[in-house]
Amino acid sequence: MPSTPSDQGRIAHAALQIVDLPLGAARGGSGATQLQLVIVRLTDTDGASGTGYTYALGPGMAATAALIEELHLPAVAGMPLAEWDRTRYRMQEATHRLGTGITRLATSAIDIAIWDLRATRRGLPLYQLLGAHRDEVPVYGSGRATHAMSTEELVAGSRSYVDEGYPAVKLRVGVRPPAEDVARVAAVREALGDGVGIMVDANERLDLATAVWMAPRLADLGILWFEEPVPTRHIEAYRTLASRQAPPLAVGEHVLDASGFTAFTTSAPIWMPDAPLAGGVSEFLRIDALAEAHGTSVTPHFLPELHVHLVAAGRATTWLEHFPLLDDLLVETLEIRNGRAAPPDRPGHGLRWDEDRLSAHRVRRVELSA
């Protein structure tokens, strides 16, 4: 990205904290009961600050924080904001033998903080700094469907979204027997009617044979997309499934950089990157550009409070996913009206962390001054 006058500050202080939050009841298709975050705050010589974060649905953030402490914080301490892109690539080169995963998570947290700081210095919401293509985005409901629910509860959760104005909902399959899962989806379709969109997520739980059996039955129910039916690493399985009768395939929450999506340009037309895992705002922009070039669409995974900016700024972006993951750690959550959301009209990404809640669940804190 070309630098602007707002990029002329230097990072004077960098800090990170690890937060470990029990979720209580299992959430979503992953069944997660624990959320760990690394939150990074960067402050410049003018006193402006930006925050970024990465996360795990379970343990692992201590390793990510260790890499940030060893490599990333020293690299950005004293760094002019205009040099972030160069620094980011240097850190990738320094850790390329470690692969993706933790290295991408670590870079994501710093990158999001940098972009928050850049937008804050300009006095602009992040989506406007990135070049807003729209002022509000459509949202589908994803947080009220779990494998543990009865069919009646699943219908009720889906109906509650529709009653609030959401135009589409996501359901989960892959834990119950395949025929039972299809019957549950059919029950929701019957209850909601044909005018409501339904997405189905298997969370990588199926084998190819089961996915091939299930896909045409979901297609008959008018499913908008079939998300991660098999593990993402099984690239040939996606190509096989795409050649059969199936809803459009969606993939991406486990793809951690733009190059990883090139394997799915002909098999999965819906890409679902997660900015705090896949390299931050910078890498999300590259994924969006790649998707536009190949005629695929982008709908990010989770985290609507951050991703609303990226959907509003993207060219290939479509939907925003409502899933209440960070709610317990924020002072306010994204306002959704009649199934649409607008980015917060304040500088930066606009996330307002509840400092008391963060402090109550903080495991570790590290600070470094230039």
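**Two partly exposed residues and two helix pairs**

Threonine 318 is located in the loop that runs between α12 (304-313) and β11 (320-322). In this predicted model, the relative accessibility of threonine 318 is 28%, and the residue therefore counts as partly exposed, a class that lies between the limits of 20% and 50%. Not counting residues up to four places away in sequence, threonine 318 touches Arg134, Pro138, Ser297, Val298, Thr299 and Val311.

Serine 49 belongs to strand β3, which comprises residues 49-56. The side chain of serine 49 forms a polar contact, at 3.3 Å, with the side chain of arginine 41. Arg41 is also one of the residues in contact with serine 49 when neighbours within four places in sequence are left aside; the others are Leu42, Thr43, Asp116, Leu117 and Thr120. Between the C-alpha atoms of serine 49 and alanine 14 the separation is 9.5 Å, for two residues 35 positions apart along the chain.

Packing between helices was examined for two pairs. Helix α3 (residues 102-122) packs against helix α11 (residues 280-294) at an angle of about 95 degrees, and their axes are 5 Å apart. Because this angle falls in the range of 65 to 115 degrees, α3 is roughly perpendicular to α11. On the α3 side, the contact involves Arg104, Ser108, Asp111, Ile112 and Trp115, which meet Gly280, Val281, Ser282, Glu283 and Leu285 of α11. Classified by residue type, the contact of α3 with α11 contains four nonpolar, three polar and three charged residues.

For helices α6 (residues 178-192) and α7 (residues 208-220), the packing angle is about 20 degrees and the axes are 11 Å apart. Since the angle is under 35 degrees, α6 and α7 are roughly parallel to each other. The crossing of α6 past α7 is right-handed. Here Pro178, Ala179, Asp181, Val182 and Val185 of α6 meet Thr210, Trp213, Met214, Arg217 and Leu218 of α7. By class, seven nonpolar, one polar and two charged residues make up the contact of α6 with α7.

Technical notes. Residues numbered from 1 in each chain as written. Predicted model: local features only at pLDDT ≥ 70, side-chain atom pairs only at ≥ 80, totals over all residues. Heavy atoms only, no water. Axes fitted to C-alpha atoms, helices over the stretch in contact; angles between N-to-C directions. Helix = DSSP H or I, 4+ residues; strand = E, 2+ residues; numbered from the N terminus. Parallel < 35°, antiparallel > 145°, perpendicular 65-115°, else oblique. Contact = heavy atoms within 4.5 Å. Nonpolar A, V, L, I, M, F, W, Y, C, P; charged D, E, K, R; others polar. Polar contact = N/O pair within 3.5 Å; in protein donor to acceptor, adjacent residues only side chain to side chain. Left-handed = near helix turned anticlockwise from the far one by under 90°. Buried < 20%, exposed > 50% of the residue type's maximum accessible area, 1.4 Å probe, protein only.
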